[in-house]
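Dear colleague,

Please find the structure below.

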Amino acid sequence: METTSTLPVVVESGGDQVVAHVGLHALGGFADRLGLGEHLSACIPIPAERAPLHDRGKVLVHCALMLAGGGESCADIEHLRAQFDLFGHVASDSTLYRTFHEITPDVRAAIATGVAEVRHEAWRRTAATKGSGPIYLDIDASLIEIHSENKELTGPHYKGGFGFHPLLCFADCTGDALSGLLRPGNAGANTVADHVVVLDDAVAQLPAEIALGHRPLDDPSLVQRTVVVRADSAGCSEKFAAVCRSRNVGFSVVCRSNRQIHSAIFETLGFEDLWDQAIKQNGEDREGAAVIELTELVALPDWPEGTRLLVRREPLHPGVQHSLFPSLEYRYWGFYTDQDGDPVELDRIMRAHAHVEQHISRLKDSGLLSFPFTKIEANRNWMATVMMAADLVRWFQLLCLDGFWSVARPKALRWGLFHAPGRLVHSARKRIVRILDGWPSADALIGAYQKMAALC
């Protein structure tokens, strides 16, 4: 029986004709196929008379690849610099540092417009965005711990820690990080103005045919595709709902506990026939859970016309979150919405808002936990690049990968695809990379290259 975990080898420097990060090369090739670097370059002005040695659009794409591979600081770009045969001339960590400090708010806004154009190209090619159904936007905030008081706009937060409190918006159909607002740790969770900024920025990221009619001052007759925003209780505000209505955007927001809701739920006790069987995301019955509409039992004078109150109850279980209504038997959870339809189906759709936690987790696994700069504008540029990198990975999964890999988390992608090793062979003036024999995801990686070549 062998008890050792490795075989004895002699380790020396000077190796050649081998490459690592083959999967990151595939991701970079995919970015080139979509024209990401070109769009970014067109948005970033040249600050001096001479063009810089490293095109700033290419620098940001290389940074996105570094973040996708697990990088957490500018210094991690050096791992791509060592792979000239795959990535060409990669900027140094000092150049990357300067790039993040050169980008002004106006340039960052222009870059967002360029990313929106690339997003349109990606969405045009995927079935996830096809059809005529609603596009659901999920807004949520998350706390980022920062162990330094030297970074601008950090602050204490309500959980006793210290750092940032970014507000983010995602497209549920693809998982895209559409917009984000980097805020101090003590920023209010239910600040209406911040929700409006994030919503407007998210709509601006949607393809033109979807965004049409949902921008400020747009005529409702221009709407071609329904857009609905979902939020937890931080977005439960009559003012935010009114802003959504003014932009022809539907809303579904988790309601907060109050006496009026308590009274409405109390009146349903003992009338089991008023409750409808709740369902899971796959349409199957959820045992013990039920849904009811209580709109007629509450007064909503300050909410937009057509607002409804739907409540769901589930059996109590260990670790259950706060309930709308005190009960020893059930946990009650509800939301306000202006959407038409069956309460059970609307409840199923609203509960899909929980996907936002997975999307935020992906960002945290891809650089969002690390804000490496002192200046707030540089850190805002960092967050925007983290979001762009996460979107690039999602588009790659949707268009070039199948099965498990199309929904894999960042850690699995890195271990299985992005850091795949290979042998470099020069033949007929071509660079040929042969993936290591026996590599578990070799077929998926080769298939990704084939699908990428077929993109039109």
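How much space lies in the largest cavity? The largest cavity holds about 110 Å³ of space. A cavity is a set of points, on a 1 Å grid over the protein atoms alone, where a 1.4 Å probe fits but cannot get out. A volume is the space filled by probe spheres set on the points, with grid points joined across faces, edges and corners.

Please note that this is a predicted model, in which local features need pLDDT of at least 70 and side-chain atom pairs count only at pLDDT 80 or more, while totals for chains, interfaces and linings use all residues. Residues are numbered from 1 along each chain as its sequence is written, and side-chain values use heavy atoms, with hydrogens and water left out.

**The cavity**

Searching the whole structure gives one cavity of 30 Å³ or more. Its lining consists of 14 residues (those with an atom within 4 Å of a point). Nearest the centre of the largest cavity are Arg 362, Ser 366, Ala 390, Val 393 and Pro 410. At least two lining residues come from each of α3 (56-68), α13, α14 and α15 (410-418). Helices here are DSSP runs of H or I with at least four residues, strands are runs of E with at least two, and both are numbered from the N terminus. With five residues, α14 gives the most to this lining. Sorted by class, the lining of the largest cavity has nine nonpolar, two polar and three charged residues. In this scheme Ala, Val, Leu, Ile, Met, Phe, Trp, Tyr, Cys and Pro count as nonpolar, Asp, Glu, Lys and Arg as charged, and the others, Gly among them, as polar.

**Helices α13 and α14**

The axes of α13 (residues 355-368) and α14 (residues 376-400) come within 9 Å and cross at roughly 120 degrees. That makes α13 oblique to α14; angles under 35 degrees count as roughly parallel, over 145 as roughly antiparallel, 65 to 115 as roughly perpendicular and the rest as oblique. Axes are lines fitted to C-alpha atoms, for helices over the stretch in contact, and angles run from 0 to 180 degrees between N-to-C directions. Arg 362 and Ser 366 of α13 are among the residues that meet α14, where Ala 390 is one of the partners. Contact means heavy atoms within 4.5 Å.

A pocket is an open set with protein on both sides within 12 Å along at least five of seven lines. The second largest pocket contains about 670 Å³ of space. Of its 30 lining residues, Arg 108, Ala 109, Ala 112, Gly 180 and Ala 384 are the closest to its centre. Two or more lining residues come from each of α7 (105-125), β7 (177-181), α8 (192-205) and α14. The largest share, ten residues, belongs to α7.

The axes of α7 and α14 come within 11 Å and cross at roughly 5 degrees. These two helices are therefore roughly parallel to each other. Their contact includes Arg 108 of α7 and Ala 384 of α14.

**Helices α3 and α6**

The axes of α3 and α6 (residues 93-102) are 10 Å apart, and the helices pack at an angle of about 110 degrees. They are therefore roughly perpendicular to each other. Among the contacting residues are Leu 60 and Met 66 of α3 and Leu 96 and Phe 100 of α6.

Yours sincerely
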